[in-house]
Amino acid sequence: PSLDQGRLWFLDRMQGRSALYNIPAAFHLRGSPRAPPLEVALLERALRQLLERHPALRTRFPMVEGTIQAVRREQVRLELREVDLGGVEPASREASLRQELEEAASRPFDLAEDLLVRATLWRLGEREHVLLVVMHHIVSDGWSLRVFFQELSRLYEGLRAGRPAALPAPRIDYADFARWQRELLTHDAQREHLRFWRERLEGAPEVLLLPTDRARPAVQSYRGRVLRFHLSAELQEGLRALGRRYGTTLFMTLQAAFASLLARYTGSDDIVIGSPVANRGRSELEGLVDAEGGY
């Protein structure tokens with residue numbers, strides 16, 4: 001396994017089997033009256049071809065003689081589960097679908113035994129479906145979702161047209177990358193990385209005491225929310241101009257503003273922020289489905 005896979009396996013063992021590191025992605029498929037109906041059998045075949053292309057999706061992680069192992073299955077048969085909600089009254093269909101989506105997305109995986117990708121297709125009407133794909137973070141990440149669904153679309157279109165999809169072969173095997181990564185980080189290199197981050201994070205607060213309207217729970221619940229908002233075009237241009245002035249990207253500028261806000265509310269000048277990264281520093285990794293992205 002790669003270093004990221006080892007970290008995720010450790011977290012799974014430490015926290016107990018849960019859906020905390022499930023990566024769900026749902027897509028609303030709606031065809032026009034003139035478009036051909038969705039061919040479910042071809043969609044299932046396209047999903048299976050994706051698993052053949054990306055060995056990480058066919059990998060399980062058992063413990064063998066006290067050591068975690070990445071065991072690749074040579075052949076797997078992903079089953080596309082189908083649920084027909086066409087007969088449900090429209091007034092209650094959305095609530096039923098939302099509940100089933102949440103239940104399917106929150107079902108945990110057994111990293112040692114399970115196929116770590118699941119797919120469910122809900123039929124809402126003759127030309128309306130919702131496809132949910134759930135993968136564990138140990139075999140996928142945010143970048144991988146884009147690769148996964150781009151290739152799924154091309155594979156499906158190729159099958160429907162009766163011709164192979166023109167997809168380039170992966171330029172590297174993820175198992176080779178994981179082996180190279182572990183060889184690169186010798187014991188001396190690991191100690192140097194550990195020394196750097198211990199010095200960098202020395203004295204950092206374990207938690208930020210934000211003045212919230214309720215007490216921080218004793219045990220983390222992981223029940224987070226997402227707040228979406230829009231910045232005006234004028235404000236965006238002002239932020240970009242500020243970034244150009246100091247040689248920073250828009251992301252760096254916004255993160256600095258966020259850190260300043262946290263410092264103002266907490267009275268602390270030592271702010272630690274985690275950010276998701278793709279870890280695709282080599283072009284060979286850009287077309288892979290794997291677990292490299294993280295915090």
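## Helix 2 against helix 4

In this predicted model, Leu42, Leu43, Arg45, Ala46, Leu47, Gln49, Leu50 and Arg53 of helix 2 touch Phe148, Glu151, Leu152, Leu155, Tyr156, Leu159 and Arg160 of helix 4. Contact here means heavy atoms within 4.5 Å, and helices (H or I, at least four residues) and strands (E, at least two) are DSSP runs numbered from the N terminus. The residues of this contact comprise ten nonpolar, one polar and four charged. For that tally, Ala, Val, Leu, Ile, Met, Phe, Trp, Tyr, Cys and Pro are nonpolar, Asp, Glu, Lys and Arg are charged, and the others, Gly among them, are polar.

Two packed helices are described by the angle between their axes and the distance between the axes. Helix 2 (residues 40-53) and helix 4 (residues 142-161) have axes that come within 9 Å and cross at roughly 125°. That makes helix 2 oblique to helix 4; angles under 35 degrees count as roughly parallel, over 145 as roughly antiparallel, 65 to 115 as roughly perpendicular and the rest as oblique. Axes are lines fitted to C-alpha atoms, for helices over the stretch in contact, with angles running from 0 to 180 degrees between N-to-C directions.

## Helix 7 and its partner

Helix 7 (residues 233-246) has 14 residues and reaches 20 Å from its first C-alpha to its last, close to the 20 Å expected at 1.5 Å a residue (1.5 Å times one less than the number of residues). After helix 7 comes Gly247, with a positive phi near 70°.

Helix 7 packs with helix 8 (residues 250-266) at about 100°, their axes 9 Å apart. That makes helix 7 roughly perpendicular to helix 8. On the helix 7 side, Leu239, Arg240, Leu242 and Gly243 meet Leu250, Thr253 and Leu254 of helix 8. Four nonpolar, two polar and one charged residue make up this contact.

## Two residues to look at

His129, in strand 8 (residues 128-136), is buried, with a relative accessible area of 6%. Buried means under 20% relative accessible area, exposed over 50%, and partly exposed in between (1.4 Å probe, protein chains only). Leaving aside neighbours within four places in sequence, the contacts of His129 include Phe27, His28, Trp122 and Arg123.

Tyr265 sits in helix 8 and is exposed, with a relative accessible area of 51%. Beyond neighbours within four places in sequence, Tyr265 is in contact with Leu210 and Pro211.

## How to read the numbers

Residues are numbered from 1 along each chain as its sequence is written, and side-chain values use heavy atoms, leaving out hydrogens and water. Local features need pLDDT of at least 70 and side-chain atom pairs count only at pLDDT 80 or more, while totals for chains, interfaces and linings use all residues.
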